[in-house]
Structure formats: structure tokens, C-alpha cells
Amino acid sequence: MAKIKVAAIQMPTVTDKMQNVRTAGIYLEKIKDEKPDFVILPEMFCCPYQTQNFPVYAEEEGGPVWQQLSEYAKQYGIYLIGGSMPEKDAEGKVYNTSYIFDRQGKQIGKHRKVHLFDIDVTGGQTFKESDTLTAGDHDTVFDTEFGRMGVMLCFDIRFPELARMMVNDGAKAILVPAAFNMTTGPAHWELSFRTRALDNQIYMIGCAPMRDESAGYISWGHSIVTDPWGRVIDMLDEKEGVLLTELDLDYEEQVREELPLLKSRRKDMYRLEKLCK
């Protein structure tokens, strides 16, 4: 197997779409000597996270942001998980979409957020992505020289069947552009990543925007990596920065052999098994 170097860029998001893209490029230049294999950007890294902004900032696949992300992946020889951005399809529907590029800048996958963030917490956060976004309808895994990897977006992490589908499809790590807020972040951010990692004996990598107290939507930050034993390997605070971590896939296999949860599943008695194949 192999060790994989992963970088999560916890960056600010401003109103100028292409300035956000340039900021991502500045960070990629800063960390190039670290030679990361995978780089992950935050959810809606180029669009302030408010429902009314999504149709305004939306681009079709292959648009200016897509093109620059593709170029970055090729220039730095990395797998780039392009956070997420609003994607507009030919029918005018808008999705919360993460584009995935290989080391040559070729798109090798994309994930449209499956579970839209529609919540109304008493005394806390109210948000309704479905006001302007359409939900995706599939899990997302992609092939690399290290094996298959999975991508999900933010609220997707709360649904254990989606992570299990990715693991059943061969994912060795799940990368999660996300933007938990000041209500859900303190309560559930670390817990969600540790739980999905423990359930599926897999590395989970979460990348959030930095916290901006003046923003309409305030990110919790705290980009994170959890390991197959359910431990936090490393985590940032709320400030701008890069989380650079090494994933040991041999250790993942060791955990799965010594505590064979995945092998011990009772497939014969699960009514929901068809959803997880």
C-alpha cells in the first residue's frame, strides 16, 4: 500500500469569485515543496455561502473556475478536490458541486451534494439550500494510483448510509469539503468525522472555510483529519491556514483486519442492503 500526503486549505471567501480562485492558487504555490498528493478546498470556496448567491455565482461545467482548477491540478501535479461551487446545468438547475481533477488536470469525477442543508434550529441556525439548489442523486468515488477515494459535501456526512456506500464501492479515504456553522460546528463537527471514520474504518478529511465574523454565514472552521480508529489526527482552529497530513493506508488495512467490522456485517438480515451496494 502507500502513504498519502493530503493538504486541506482553510481559506477566506470574498465576494469576488475569481479572487477566491487566485487565493487558492497562492496557497498551492506556498505548499508545492511539501509535494501533497491530494489538495482539498472548502465548500463554496468561491461563493459567499448564502442561498441567494448560488444562482448568481453558478457556472456550467467547464466554466472559468473549472478551467483554473484544472490548470492548478496540472501545474502542481496533484489530485485537486475543488471544494465546491454552484454548478448550473443545461436546464438551469443549480447544484452544489465538487469537481475532482487528476494530476494531469483531467476531471475524473464530480459530486453533487446529495443531502441539502435545510434546517431550522430553535435559538440557532436557519438555512434552506433547497430554496435555490437541486440535490444530487449518487455517491462519488474515483480511481487513483493509491486506490479509490470518495467525496461528499458537508451535510452529506450526517447520513451514514452514504459513507458506507462509498466504502462498499472501494473508497480508502473520504474527502469532505464542508462549512459547518456556529451552531452545528461546536456540537457536531468533530463528532461527525470521528463517527464516520469509526463506523467505516476509514480516513475522513474535512476542509472548511476560515471563520469570518462579518460574513452572512459564519463558518466554524476547524478543518480536520480523523483516522480509521476514530481518532483526530490533526485539526486547525478557526483561522486561515493549511492542514497537511499523511495518511497511512497500511494502518487502515491493519485496523480492518484486527477489528473486522466490515467483514462481520450481516448482509443477510439488512433490509437496506440494496441501498448500500
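Is Lys172 buried or exposed, and what is its relative accessibility? At 18% relative accessibility, Lys172 counts as buried, where buried means under 20% relative accessible area, exposed means over 50%, and partly exposed is in between (1.4 Å probe, protein chains only).

This is a predicted model, in which local features need pLDDT of at least 70 and side-chain atom pairs count only at pLDDT 80 or more, while totals for chains, interfaces and linings use all residues. Residues are numbered from 1 along each chain as its sequence is written, and side-chain values use heavy atoms, with hydrogens and water left out.

1. Lys172 and Glu253. The side chains of these residues, Lys172 and Glu253, meet in a salt bridge at 3.0 Å, N to O, the term being used for a side-chain nitrogen of Lys or Arg within 4 Å of a carboxyl oxygen of Asp or Glu. The pair links distant parts of the chain, with Lys172 in strand β11 (residues 171-177) and Glu253 in helix α6 (residues 249-258), 81 residues apart. Helices (H or I, at least four residues) and strands (E, at least two) are DSSP runs, numbered from the N terminus. Glu253 is partly exposed, with a relative accessible area of 26%.

2. A search of the whole structure finds 22 salt bridges. One of them joins the side chains of Glu87 and Lys110 at 2.7 Å, N to O; Glu87 lies in strand β4 (residues 85-88) and Lys110 in strand β6 (residues 107-112), so this pair ties together parts that are 23 residues apart in sequence. Glu87 is buried, with a relative accessible area of 2%, and Lys110 also counts as buried, at 19% relative accessibility. Glu87 and Lys110 belong to a network of salt bridges that also links Glu61 and Arg112.

3. Lys17 and Glu59. A salt bridge of 2.9 Å, N to O, is formed by the side chains of Lys17 and Glu59. Lys17 lies in helix α1 and Glu59 in the loop between α2 (53-57) and α3, so the pair ties together parts that are 42 residues apart in sequence. Lys17 counts as buried at 18% relative accessibility, and Glu59 is buried with a relative accessible area of 8%.

4. Helices α1 and α3. The axes of helix α1 (residues 17-30) and helix α3 (residues 64-76) come within 10 Å and cross at roughly 5°, and α1 and α3 are therefore roughly parallel to each other (angles under 35 degrees count as roughly parallel, over 145 as roughly antiparallel, 65 to 115 as roughly perpendicular and the rest as oblique). Axes are lines fitted to C-alpha atoms, for helices over the stretch in contact, and angles run from 0 to 180 degrees between N-to-C directions. Residues of α1, including Lys17, Met18 and Val21, meet residues of α3, including Pro64, Val65 and Gln68, contact meaning heavy atoms within 4.5 Å.

5. Thr23. This residue, Thr23, has its place in helix α1 and counts as buried at 13% relative accessibility. Not counting residues up to four places away in sequence, Thr23 touches Met11 and Pro12.

6. Cysteines. The structure holds zero disulfides, a disulfide being a pair of cysteine sulfur atoms within 2.5 Å. Cys47 is in no disulfide, and the nearest cysteine sulfur, that of Cys46, is 6.4 Å away; Cys47 is buried, with a relative accessible area of 1%. The sulfur of Cys207 is 11 Å from the closest cysteine sulfur, in Cys154, too far for a bond, and Cys207 counts as buried at 0% relative accessibility.
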